[in-house]
Amino acid sequence: MNIGIAQGWNAVVKQCIWLLTLGVLTSAQTINAQDSLALTETPLELSISDTALLVVGRRDEAIGDLPYVVEIVKNNAIQKAQSLSTVDALAELSGVYVQKSQFGGGSPVLRGFEANRVLLVVDGVRMNNAIYRAGHLQNAITISPLALDRMEVIYGAGALAYGSDAIGGIVHFRTQQPPFRAGTQDAMNGQMSLNFTTAARATTLAGKLTYGAAHWAGLTLLTATSTSHLRAGAHRPEDFPDFGLRTQYFQGNELVPNDRPNRQVGTAYSQYDLLQKFRFRLGNHLELSANFQLSTSSDIPRYDALIERREGQLRWARWDYGPQTRLMGALRLQDRRPTLLYNLANYLISHQFIKEDRITRRAGDLLEENNLEEVHAINFQTDFTKTLRDWTLNYGLDLRYDAVSSIAFLNNILSPTDQLPRPSTRYPSEGASLAGGGFYLEAKYPLNAHWQFRGGLRYSRQWLSATFGSEDPIAWPQPYLDGIANTEGALTSALGLRYQSKQHRWRFLLAQGFRTPNIDDFAKFREANGRIQV
């Protein structure tokens, strides 16, 4: 990679010298002939390796400056892979291991850590919310792979910049940006794509529109994905002749045979994604961008539960993740006007609405249990960079507030109007909230032409509260009805040393990661056979 970059720079230098020489000769001829000098503006495009210019992470730092191991998956590779979902692209194109319990799912695993110990970020906004659990998660599929510009996988503990949850690493999804347009460029461009895969008879239809002018730009991208049931291969090992066969499945409350056992009934789902972006040049070195994202799905069957058997019989007639919805709106202001406090400032405020349902019914049971959860997550963060001679200081502040609501009800599939007893909610029925904040300061200093040192500190604090209801089927103690709370704080640090020459690059990193309890850790409970698991 370093050799390629050096060769690229050599080519650029030679091209610039050639152009400069040509310009001097042309100017000399003009002066001799007319005793005047005419200057014209000619745009020059430099062809330099993309990797040398890539910026990654929350602070948009040059990839070569980071002491972390970073893996980049670019848009062209994602398009060539034609992955059905973003997590499939991660599994196919990076070193990330992905766990999948159902076709419409996928939980990234980094360095042995999964779920709420891996931080997911989209366009600088943290996706991890107050109900991210320790078990497998499928939230990463709520970003369409066709909307991505690139995926950045940052391995290792990243508490300094990101705070809680960044233990195994960070997966940063960057969606496409609308380009500003010069006067000679078309004001609007459109693209459409259609993809069909035979294994699941999956169809993906996408339409993209970019538009704008010199001082504003917009992008609209709509994606619709629909799959049929996944079809397993017909060739199996002799020792496992029934592996992967789906011999029976439930239709309503009736168990029916599957006349095509290779067809894994209970894997089909559909998903719709919308990306809407605007960019505005408010002045020299001042830019405002608006980012709107919507993702929603059909019911997503959890296939591993649907094929689970007890004493030879299927255990579940229905086990669905209900329509999974993620709605995000974000505003970012980037200020590159130098001041006494900073040379570069980024301000980001966002609001996310997440809706997750669980619909379950045991085999032979007419009662269907519905658990509906909603989360409103508000985030605000600022990042500043200041250069003082050879020192570069990075510092910032982030604040978050998550509100969780949870309801549950039973439904008789033969008589939906029946009044049924209220089941236990998954999370506190009277609501729960999580508020937190953190401040970090980091400094980096070049020791010489090859060595760079960096280190920093972060302090984080979090306040969590939950209130249970008197009408719950469980007789809670009075303190639970009044509301319980938890406050946690953490001081973390990171030290890094980087060596880089034309032939070698070495990174040494000592960094901390941590998790403060969220609502799922602190206030989720399960009731079964008169026992409560907290």
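Colleague: Which residues lie nearest the centre of the second largest pocket?

Modeller: This is a predicted model, to begin with. Nearest the centre of the second largest pocket are Asp60, Arg174, Gln177, Arg332 and Gln334, out of 29 lining residues.

Colleague: What is the volume of the second largest pocket?

Modeller: About 740 Å³.

Colleague: And which element gives the most to its lining?

Modeller: Strand S19 does, with five residues. Strands S9 (148-155), S10 (169-175), S18 (270-283), S19 (286-297), S24 and S25 each supply at least two residues of that lining.

Colleague: How does the lining of the second largest pocket split by class?

Modeller: Twelve charged, nine nonpolar and eight polar residues.

Colleague: Back to Asp60. Where is aspartate 60 placed?

Modeller: Aspartate 60 sits in the loop between strand S1 (55-56) and strand S2 (61-62). Its phi is near 55°, a positive value in a residue other than glycine.

Colleague: Is aspartate 60 buried, exposed or partly exposed?

Modeller: Aspartate 60 has a relative accessible area of 27%, so it counts as partly exposed.

Colleague: What about arginine 111, what is its phi?

Modeller: Arginine 111 has a positive phi of about 50°, and it is not a glycine. That residue is in the loop between strand S5 (107-110) and strand S6 (113-114). Arginine 111 counts as exposed because its relative accessible area is 53%, and the cut-off for exposed is over 50%.

Colleague: Now the largest pocket. What volume does it have?

Modeller: The largest pocket has a volume of about 1,200 Å³. It is lined by 43 residues, and the closest to its centre are Trp316, Thr360, Glu369, Arg426 and Arg526.

Colleague: Which elements give two or more residues to the lining of the largest pocket?

Modeller: Strands S23 (316-321), S25 (344-362), S26 (367-388) and S32 (526-528), along with helix H8 (519-523). The largest share comes from S25, with four residues.

Colleague: How many charged residues are in the lining of the largest pocket?

Modeller: There are 17 charged residues, next to 14 polar and twelve nonpolar ones.

Colleague: Switching to salt bridges. How many does the count come to?

Modeller: The count comes to 30 salt bridges.

Colleague: Which residue forms a salt bridge with glutamate 61?

Modeller: Arginine 59 does, with the closest N and O atoms 2.8 Å apart. Glutamate 61 has a relative accessible area of 10%, so it is buried. Arginine 59 is at 11% and is therefore buried too, given that buried means under 20%.

Colleague: Another pair: which residue meets aspartate 149 in a salt bridge?

Modeller: Arginine 150, at 3.1 Å from N to O. Aspartate 149 is partly exposed at 31% relative accessibility, whereas arginine 150 is buried at 10%.

Colleague: What does arginine 318 pair with?

Modeller: Arginine 318 forms a salt bridge with aspartate 320, the closest N and O atoms being 2.9 Å apart. Aspartate 320 is buried, with a relative accessible area of 9%.

Colleague: And which residues do salt bridges with shared partners join into one network?

Modeller: Arg59, Glu61, Asp65, Glu442, Lys444, Arg454 and Arg498.

Colleague: Now the surface. Which residues make the nonpolar patch?

Modeller: Leu331, Ile349, Phe380, Leu397, Leu399, Phe439 and Leu441, over about 590 Å². Strand S27 (391-412) and strand S28 (432-446) are the elements that give two or more residues to the patch.

Colleague: Where does leucine 331 lie?

Modeller: Leucine 331 is in strand S24 (residues 325-335). S24 also supplies at least two residues of the lining of the second largest pocket. At 43% relative accessibility, leucine 331 is partly exposed.

Colleague: Last one. Which helix holds leucine 93?

Modeller: Helix H4 (residues 86-93) holds leucine 93. Leucine 93 is partly exposed, at 29% relative accessibility.

Notes: Residues are numbered from 1 along each chain as its sequence is written. This is a predicted model: local features need pLDDT of at least 70, side-chain atom pairs count only at pLDDT 80 or more; totals for chains, interfaces and linings use all residues. Side-chain values use heavy atoms; hydrogens and water are left out. Patches are made of residues with over 30% relative accessible area and no salt bridge: like charges are joined within 9 Å, nonpolar side chains (Val, Leu, Ile, Met, Phe, Trp, Tyr) within 5 Å. Accessible areas come from the Shrake-Rupley method with a 1.4 Å probe; for residues, only the protein chains shown count as cover. A salt bridge is a side-chain nitrogen of Lys or Arg within 4 Å of a carboxyl oxygen of Asp or Glu. Buried means under 20% relative accessible area, exposed over 50%, partly exposed in between (1.4 Å probe, protein chains only). On a 1 Å grid over the protein atoms alone, a cavity is a set of points where a 1.4 Å probe fits but cannot get out, and a pocket is an open set with protein on both sides within 12 Å along at least five of seven lines; lining residues have an atom within 4 Å of a point. Grid points are joined across faces, edges and corners, and a volume is the space filled by probe spheres set on the points. Ala, Val, Leu, Ile, Met, Phe, Trp, Tyr, Cys and Pro count as nonpolar, Asp, Glu, Lys and Arg as charged, and the others, Gly among them, as polar.
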